[in-house]
Amino acid sequence: MSNEHIEPRDGEEIEAAASLDPKIAHHSTYIDETKRILRTYVDCESYEELERRVVEENILNKDTDEYRTNILREVTRRHIPDKEEYTETPLMKIMSADVRSDVTDWCLYYEFAQDPFIRLVTLDFLYPEFERGTLSVQATDIVTFIESIQEDYADLRDRSESTINEAATKYLTALRNYGLLEGTQRKEFAVIYVPDETVAYVVYRLFQKGAKSASDVIEHDDWKLFLMNESEVQRRIRDISPQYVSYEKRGSTERLITKHDSIEDLIDAF
């Protein structure tokens, strides 16, 4: 990772749109289970051993082998890139480091929200509703949105009404569990504060994912996953601790300097 990123604000688009996962109804959050599984994986550095501990030793304290296997499969799908060869991702490092729980939780949410379905609904429906000043949303609102775009996505076209209803409900439950929403049937937007460390984590992740300039980072859609607009992102990055990044803007040129050579070094500094 280059430590200095300077470019006018007319930077190129970073990423192409990802295809949707057709299993849109399988979005239980498994927050505590994900933490335990990733920490165990870092500890044993073997997927085979991880599977043994989850299924046979029952480190998750779940009733049946099938349930334990299903949770492991879902966490693996989201967060473990290769079952054959151990690779420690930035999220795994966060989970196994001595980092405050609020930082851990928001970093986990960020990676969870990269799921194509979660990302689509958040960027194209929830964030615009938040910006519009809507106070609350419910499952029927999500269903209406999905139905309005269903023909535009091959992965959604043949989904049944019950599957869409379940996906809408689980989407809202997931965002409530992560803290963006609150309430029961009708979910209200919660007042949230994303820690500086998580903001820094996202900055480094965006450079890792292909951002080339300060404007690429500040204008990136990923910030909308935290319901943050561009001006708020700019302010948060400007005010963040200089031990992580420093940012300044002069005219049409922005300077964003990362203070560590890698995201792993950044996490060590938390």
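How many residues apart in helix α5 are Trp106 and Tyr109? They are 3 residues apart, so about one helical turn separates them.

**View 1. Aromatic pairs in the predicted model.** The structure holds 12 aromatic pairs. Rings of Phe, Tyr and Trp (its six-membered ring) pair if their centres lie within 6.5 Å; planes under 30 degrees apart count as stacked, over 60 as edge-to-face and the rest as tilted. This is a predicted model, in which local features need pLDDT of at least 70, side-chain atom pairs count only at pLDDT 80 or more, and totals for chains, interfaces and linings use all residues. Residues are numbered from 1 along each chain as its sequence is written, and side-chain values use heavy atoms, without hydrogens and water.

**View 2. Tyr41 and Tyr86 form an edge-to-face pair.** The centres are 4.9 Å apart, with 70° between the planes. This pair links distant parts of the chain, 45 residues apart. Tyr41 sits in helix α1 (residues 31–44); Tyr86 lies in the loop between α3 (65–79) and α4 (90–96). Helices (H or I, at least four residues) are DSSP runs, numbered from the N terminus. Tyr41 is buried, at 1% relative accessible area, whereas Tyr86 is partly exposed, at 22%. Buried means under 20% relative accessible area, exposed over 50%, partly exposed in between (1.4 Å probe, protein chains only).

**View 3. Trp106 and Tyr109 pair edge-to-face.** Centre to centre, the rings are 5.9 Å apart, with 85° between the planes. Both residues belong to helix α5 (residues 101–112). Trp106 is buried, with a relative accessible area of 10%. Tyr109 is buried too, at 0%.

**View 4. Ring pairs build a cluster.** Its members are Trp106, Tyr109, Tyr110, Phe112, Tyr178, Tyr201 and Phe226.

Conventions: Helices (H or I, at least four residues) and strands (E, at least two) are DSSP runs, numbered from the N terminus.
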